[in-house]
Amino acid sequence: RNKLGLQAAFIRERLDRFSEERSEMDPAIGEAFQSGVRNEVYAALYHVASERDPAYLPEVLTLMKDQDVNVRSVAISTAGQVDSLRVTGSLIENLEHPVLYASAWSALVNQGEGVLDELESTFHKPGSSLLLQKRILFVLSAIGGDRAMQMMLDKLEYHHREVFTAVVAGLYENYFQASELQIASIQAAILRLVQTGAWNFGAKISIRTENPGGYIEEALNQEIWDVNETILMLLALIYDRQSVHRIRTNLLDKQAEDRGMAIQLLELLLDDPLKPGLIAYFSDILIREKIDRLQSHFRVDLIPVRLLLKKILNRDGMQLGDFIRICVLERMGNVAGYFDEQQIIAQGFHPNPKIRETAAQLLRKNDPGQYDLVTERLDFPDNSFPGHDDSARWYVNTTINLASWKLFKDVGISSLFKLVSILQPFS
């Protein structure tokens, strides 16, 4: 951008030239597009953007595939100023680009509701990646409006945790308030989360009874906090937002002194079918007492720790995140009493490449012969973690260490793990 600032005088001169009386297709603009000179191309693009001139749309679309990322970025921004659905598909394609994502996002948002149908179609296309789906949701959230919010609401039952979280955040940030017809789907999502949270309570009791060490308990506490936060965000979509915010502040803040008041307010606010389960779930009592109260609404099993570790690894991705799975693998691979070769092999086929990689390393460390046999399968990962023999311990320790920094005091462990998973360890 500062480079473009240095070119401002030249570009302004070119724009003045283009702004003089011209025919429908000014040869000077076409010449600038074809010149191959970056300053001239920028000037032509800025002219098209300022005039919202669709006459040069083919040239803009061509530049959106230019090898120069800076030119592509300006072309994408220009396309967002031209009111034409012809550019929508190309803009959506760039949502996955690591550098051009912001320009594509801004351009699509600028196009407004006219791009909603194509965004919806691309979201459900079989080949669409999770990254693309999440960024489409970010665009829908930024566009806003009744139709975009309904599209997001329709995805509350989409079976992927990160999509679900993005939907809830988008609705919440748009101050969405559900109509009578929309409330049922939000209530159903809340009840599913309460059931997930109740299972987590049972797991916490099991961990406290026989703590396998490592950071499983810390990861489980984060899972409980994430579920609680999401429940309260969903409640804000169907009840008075200010009241829910007050409840949320006192329930989620560990230092809050008004938890009892928050429970009373929650009891006044809620009605059926949410009231019985949520009051039992959020009650300020011991976890064992909570479980006893929740048993009348959901089945909560207290599972022996060795079996619990297996269940955590195999639990649905909607109900547990990936960091706690890494914590369990670290215990299985490093503590003889919890070693489970079959479970480790099974995680070598997990959708998350970091879990696959971790499982492969732990298998190689504990049973090299079995590792050699299993890696004959092309879909089983190789031992490619640079400079470390224990990726599980590195991921866990690095994530927990970052969580102790003041810089990350408001960042959840699950989010920090995503950051750590793209880093490379020091050898």
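Helices (H or I, at least four residues) and strands (E, at least two) are DSSP runs, numbered from the N terminus. The model shown is predicted, so local features need pLDDT of at least 70 and side-chain atom pairs count only at pLDDT 80 or more, while totals for chains, interfaces and linings use all residues. Residues are numbered from 1 along each chain as its sequence is written, and side-chain values use heavy atoms, with hydrogens and water left out.

View 1. Of the 427 residues in the protein chain, 50% are buried, where buried means under 20% relative accessible area, exposed over 50% and partly exposed in between, with a 1.4 Å probe and protein chains only. Contact means heavy atoms within 4.5 Å, and among the contacts between residues at least 6 apart in sequence, 64% join residues at least 24 apart.

**View 2. Helix H13 covers residues 183–209.** The expected span of a helix is 1.5 Å times one less than its number of residues, so the 27 residues of H13 should span 39 Å, and this agrees with its end C-alpha atoms, which are 39 Å apart. Because 19 of its 27 residues are buried, H13 is largely enclosed by the rest of the structure.

**View 3. The largest nonpolar core holds 92 residues.** A nonpolar core is a set of buried Ala, Val, Leu, Ile, Met, Phe, Trp, Tyr and Cys residues joined through side-chain atoms within 4.5 Å. In the largest one, Leu-119, Ile-186, Ile-190, Ile-231, Leu-234 and Leu-235 touch the most other members. H13 provides the largest share of this core, nine residues. Leaving aside residues up to four places away in sequence, Ile-190 touches Ile-231, Leu-234, Leu-235, Ile-238, Leu-274 and Leu-278. A second, separate core of 42 residues includes Ile-216, Leu-363, Phe-380 and Ala-392.

**View 4. Thr-88 lies in helix H7, which runs over residues 88–93.** With a relative accessible area of 1%, Thr-88 is buried. When residues up to four places away in sequence are not counted, Thr-88 touches Leu-108, Val-115 and Glu-118.

**View 5. A search of the whole structure finds one cavity of 30 Å³ or more.** On a 1 Å grid over the protein atoms alone, a cavity is a set of points where a 1.4 Å probe fits but cannot get out, and lining residues have an atom within 4 Å of a point. Grid points are joined across faces, edges and corners, and a volume is the space filled by probe spheres set on the points. The largest cavity has a volume of about 50 Å³, and its lining is formed by Arg-306, Leu-309, Lys-310, Met-332, Tyr-338, Phe-339 and Asp-340. Helix H19 (residues 305–314) gives the most to this lining, with three residues.

**View 6. Tyr-175 is found in the loop between helix H12 (161–173) and H13.** Although Tyr-175 is not a glycine, it has a positive phi of about 55°. Tyr-175 counts as exposed, at 57% relative accessibility.

**View 7. Gly-213 has its place in the loop between H13 and helix H14 (216–235).** At 23% relative accessibility, Gly-213 counts as partly exposed.

Methods
On a 1 Å grid over the protein atoms alone, a cavity is a set of points where a 1.4 Å probe fits but cannot get out, and a pocket is an open set with protein on both sides within 12 Å along at least five of seven lines; lining residues have an atom within 4 Å of a point.
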